[in-house]
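Dear colleague,

I am handing over the structure below, together with a short account of what was found in it. Please read the notes with the sequence and the model side by side.

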Amino acid sequence: MRTTPTGPSDPASQPADGPAASPEVEDRTAGRDDGGPDRVVPTWADPVAAQASEAVGGPWGRHAVTGRALFWTPLRICLLFTTSVLALAWLKQAPCSDGNWAGSVQYTHFCYSDTVPLFGLHGLDDGAIPYLDSAVEYPVLTGGLMLAAAWLARGYDALADAVGLLPAVPAVQSYYIATCLLLSLCALLLTRAVLGTAGRRPWDAAMIGLSPLLLVHAFTNWDLLAVALAGLGLWAWARRRPVAAGVLLGLGVAAKLYPLLLLGALFLLCLRAGRLGVWLRTAGAAVVAWAAVNVPVAVLAPENWSRFFRLNGQRAADPDSLWNIAITVSDGRLFDGPLAEGETPVVLNAVVAVCVLLAFAALAWLTLAAPVRPRVGQVAFLLLAAFLLLNKVWSPQFSLWLLPLAVLARPRWRSLLAWQATEALLWVPRMLWYLGTGNRGVEVEWFFLAVTIRDAAVLALMALVVRDVWHPDADVVRTSWPGVDDPAGGVLDHAEDRHVLRRRSAQPGPQEADLLGVGGGVAGGLQDDGAVGRPRHLDQ
């Protein structure tokens with residue numbers, strides 16, 4: 001009985017007219033005997049990439065060689081993709097950059113960003129320091145990014161006044177430009193992290209660089225900071241550096257709370273593999289990193305520091321949430337009923353908490369019962385997607401959280417573009433609803449329809465990932481290269497399982513019996529294999 005899950009052994013077939021490999025590449029193609037390239041070629045493995053390549057001469061051909069590029073490596077090309085999309089995102093946001101939103105330009109031009117109104121609201125224009133001088137409704141590291149952008153903007157304004165050659169712009173515009181530059185750096189770091197985490201699929205990072213979601217929401221809020229830190233944390237985990245991964249994930253939690261869910265996903269996988277000791281090191285490093293950022297601020301300004309936590313408890317259902325649709329349809333009778341200003345929705349909070357816990361329990365069962373241990377990207381994506389669907393708040397830029405995890409979970413262009421198209425299109429009825437019907441906007445029903453379509457797309461993507469988990473022979477990552485288990489797994493990659501929920505099968509085939517370890521397991525019981533572990537303000 002095989003106990004080490006290596007995944008399906010057959011790679012994607014190489015076309016008959018595929019490229020020849022250079023001698024250097026042949027030395028690096030361990031595990032392959034066909035002399036092929038040392039990485040997955042997108043135009044061979046993905047029909048959308050193959051079709052798109054017709055615009056530049058067609059799929060990678062017989063006389064092409066991989067591994068010899070002096071400058072245009074996959075990393076640099078993916079970074080170029082990201083830079084190009086960020087430039088387009090900046091052009092989209094340009095009408096709103098100077099803070100002159102007369103005539104509701106932020107809605108008519110679809111360029112709303114939280115960063116512009118909060119510049120004055122939190123006194124950054126007067127040199128206020130977040131938390132110490134102003135109660136910021138974000139975690140501490142996000143407030144730090146706001147402060148860094150304000151310092152850069154003031155430095156530019158002072159230089160423009162002194163030199164006279166630089167263009168003078170309103171203070172809010174220089175702040176916004178500085179913010180966009182810092183967020184662009186985060187997007188580039190995210191692209192690098194995904195490329196490093198993808199193993200022999202470096203071109204999967206192009207799905208980050210060419211993302212419609214990045215085009216629409218890169219500068220809507222400061223979420224790219226947390227997304228980049230979470231991506232770097234997963235990269236460190238993939239490189240078997242659990243302490244560094246914990247530090248980066250802890251800093252991510254200090255920017256947005258959601259990277260805490262990634263630690264939950266790693267816990268489930270480490271539980272199955274019997275690697276809880278490694279997980280504890282990662283979690284401990286995350287706690288230390290989070291505390292190092294938060295404790296000083298909590299001591300100096302406890303009331304302002306805690307505002308983020310209080311506000312999230314007091315918030316009603318967000319417009320994007322399924323709970324808000326249900327409350328609206330019931331004329332406000334569901335859950336807590338009509339609430340006074342600042343009143344906490346106790347019933348709604350309890351229902352959401354129970355639903356999220358049930359989703360975590362279902363994912364735990366799937367992780368422990370799957371025939372082959374799921375990959376990190378798959379479990380993390382499913383957990384975060386379920387959280388967003390069930391949470392009472394889904395601000396539009398929150399979807400950026402899902403982007404790198406979706407790429408790692410199921411790197412297929414068609415399904416990813418279909419989901420992101422719904423996210424991008426949702427921005428249009430949202431802005432038109434905010435505009436109001438009196439200004440040629442739309443009714444809320446159109447917005448709810450777009451939300452429902454987006455949620456259905458996320459559910460469909462989750463279903464595809466669950467299918468890949470339950471039938472690992474359909475997992476494009478595991479079938480793309482011989483002997484691949486989990487490129488992002490780190491210490492989990494090719495590790496033997498220790499705790500598995502066995503499934504009974506009446507007449508298992510040879511492969512199923514091998515994957516499930518049938519023979520002596522009790523259906524539905526946790527078993528020990530005995531193997532040694534190897535509405536205008538969008539967000540808080």
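A disulfide is taken here to be a pair of cysteine sulfur atoms within 2.5 Å, and in general terms it is a covalent bond between the sulfur atoms of two cysteines. Please keep in mind throughout that this is a predicted model.

With that definition in hand, a search of the whole structure turns up 1 disulfide. The link of C96 and C111 is right-handed, with 60° about the S-S bond. C96 sits in the loop between α4 (74-93) and α5, while C111 sits in the loop between α5 and α6, so the bond ties together parts of the chain that are 15 residues apart in sequence. Both C96 and C111 are buried.

C355, at 22% relative accessibility, counts as partly exposed.

The backbone also deserves a look at two places. F110 is a residue other than glycine, yet its phi is positive, near 55°. This residue belongs to the loop between α5 (105-108) and α6 (115-121), and F110 counts as partly exposed because its relative accessibility is 25%, which falls between the limits of 20% for buried and 50% for exposed. D331, which is not a glycine either, has a positive phi of about 60°. D331 is found in the loop between α17 (322-329) and α18 (346-369), and with a relative accessible area of 62% D331 is exposed, because exposed means over 50%.

Finally, there is a residue inside a helix that I would ask you to inspect: is Q420 buried or exposed? Q420 has a place in helix α21, which spans residues 413-435, and its relative accessible area is 2%, so Q420 is buried. Leaving aside residues up to four places away in sequence, Q420 touches S211, P212, L213 and L403.

A colleague

Notes:
Residues are numbered from 1 along each chain as its sequence is written. This is a predicted model: local features need pLDDT of at least 70, side-chain atom pairs count only at pLDDT 80 or more; totals for chains, interfaces and linings use all residues. Side-chain values use heavy atoms; hydrogens and water are left out. Helices (H or I, at least four residues) and strands (E, at least two) are DSSP runs, numbered from the N terminus. Buried means under 20% relative accessible area, exposed over 50%, partly exposed in between (1.4 Å probe, protein chains only). Contact means heavy atoms within 4.5 Å.
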